[in-house]
Amino acid sequence: MPVSDVMQVDGRRAAAEYLRELLLKPGRYRDTWQSRVTKPRDDVINQMAVAEVIAGQLTAVPGQAAEAPVMAYQLRDTVSGALAGLQLSSQTLDSFAAAFGFAEHEADRLRRLLAGTTKIRVLSGSHAVPRQAERDVDQALGPRKHQTISLHDHVYVGADRRIDRVRTLHVIEAMATGLDRMPFMCDTNVMTIEVGHGCEQVAGDVRQIGHGMFAADIMLVKSLGLGETLTLEYWITYRYPGDPTDPAEREYRRAVMRSVDNLDMRVEFHADIRPARIWWAHWDGIEGDILSQELVTLDNQSSAHQFLRSLDRTVVGFYWAWD
């Protein structure tokens with residue numbers, strides 16, 4: 001099969017996987033099709049309900065009223081082929097985006113996945129990160145080949161009160177000659193990773209590390225020599241279930257398994273859903289209790305900010321309360 005055909009097939013599969021994740025992610029998109037199902041299941045997409053949503057949008061398009069209305073059963077095969085990644089075109093993606101009102105960055109990500117980009121990876125089938133010892137990670141990934149010079153996390157909390165995405169700027173220094181990749185590790189709530197400046201692509205299969213942790217490799221734009229530095233940029237999106245009583249959905253933590261210098265963290269809230277209170281906190285490990293906390297105040301941009309010069313084997317971050 002020609003390379004272009006392989007890229008086209010892989011692009012359809014990747015776009016279909018992200019499309020399924022968007023429709024299964026708790027929130028407005030899932031609510032839209034589930035409202036048309038008598039007994040909806042959160043882990044199974046009802047394709048006829050999705051077809052009904054798209055048919056309703058197509059019928060409502062100006063100038064369409066004079067023609068015969070589009071019926072849901074006529075779109076059943078289109079929806080099935082799209083979600084399976086077998087028959088997926090840019091026109092079909094546009095129909096999904098218009099019918100469900102996908103955010104601009106989500107619709108753009110779908111189009112780029114369909115085009116075969118390797119800079120975005122949909123992460124699925126993951127597990128929560130349990131307490132991990134440094135030796136467990138070293139055993140799975142091998143000796144550490146880079147160190148973090150600075151790390152900036154910009155966290156966005158959407159109007160639905162869920163953490164929507166995080167933009168990270170990560171400056172690394174090579175601890176060995178020939179460093180050409182960096183492992184990216186995350187937990188079950190991560191849905192996609194998209195790489196930008198300093199990153200070539202997300203390569204290889206997402207793999208499980210030990211018990212309950214998975215990782216992928218971010219390929220660098222160049223191979224680094226000993227002591228050479230590089231700034232990486234990447235975006236992470238999440239699939240939180242949407243339980244307002246779950247503390248895990250009202251916090252953002254950064255776990256440092258070894259050491260990190262110059263951590264800069266900012267949490268920005270949608271202007272319409274500023275929390276009642278927000279704290280900067282230090283936790284006793286990934287699964288431990290809060291060791292210390294400090295009440296902070298949001299600025300005029302509905303955000304909170306914290307900078308730490310150095311961290312070593314610790315977990316820090318923000319948590320908040322809505323009421």
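Buried residues, meaning those under 20% relative accessible area as judged with a 1.4 Å probe on protein chains only, make up 46% of the 323 residues in the protein. The model is a predicted one, in which local features need pLDDT of at least 70 and side-chain atom pairs count only at pLDDT 80 or more, whereas totals for chains, interfaces and linings use all residues. Residues are numbered from 1 along each chain as its sequence is written, and side-chain values use heavy atoms, with hydrogens and water left out.

Among contacts (heavy atoms within 4.5 Å) between residues at least 6 apart in sequence, 73% join residues at least 24 apart.

Leaving aside neighbours within four places in sequence, Y319 is in contact with R250, E251, I278, W279, A281, W283, I290 and Q293. For one of these, I278, the C-alpha atom is separated from that of Y319 by 5.8 Å, although the two residues are 41 apart along the chain.

The structure holds nine aromatic pairs, a pair being two rings of Phe, Tyr or Trp (its six-membered ring) with centres within 6.5 Å, called stacked when the planes are under 30 degrees apart, edge-to-face when over 60, and tilted for the rest. The rings of W279 and Y319 have centres 4.7 Å apart and planes at 15°, so this pair is stacked. The pair links distant parts of the chain, since W279 belongs to strand 10 (residues 277-283) and Y319 to strand 12 (residues 303-321), 40 residues apart. Both W279 and Y319 are buried. With W283, the ring of Y319 makes an edge-to-face pair, because the centres are 6.3 Å apart and the planes stand at 65°; here too strand 10 is linked to strand 12, across 36 residues. W283 counts as buried because its relative accessibility is 3%, and Y319 counts as buried at 16%.

Elsewhere, Y29, F96, F100 and F102 form one aromatic cluster. An aromatic ring also meets a charge at Y156, where the charged end of R165 sits over the ring, 4.6 Å from its centre; the criterion is NZ of Lys or CZ of Arg within 6 Å of the ring centre and within 35 degrees of the ring normal.

In helix 4 (residues 76-84), the buried residues are V79, G81, A82 and L83. Just after helix 4, G85 takes a positive phi of about 80°.

Conventions. Buried means under 20% relative accessible area, exposed over 50%, partly exposed in between (1.4 Å probe, protein chains only). Helices (H or I, at least four residues) and strands (E, at least two) are DSSP runs, numbered from the N terminus.
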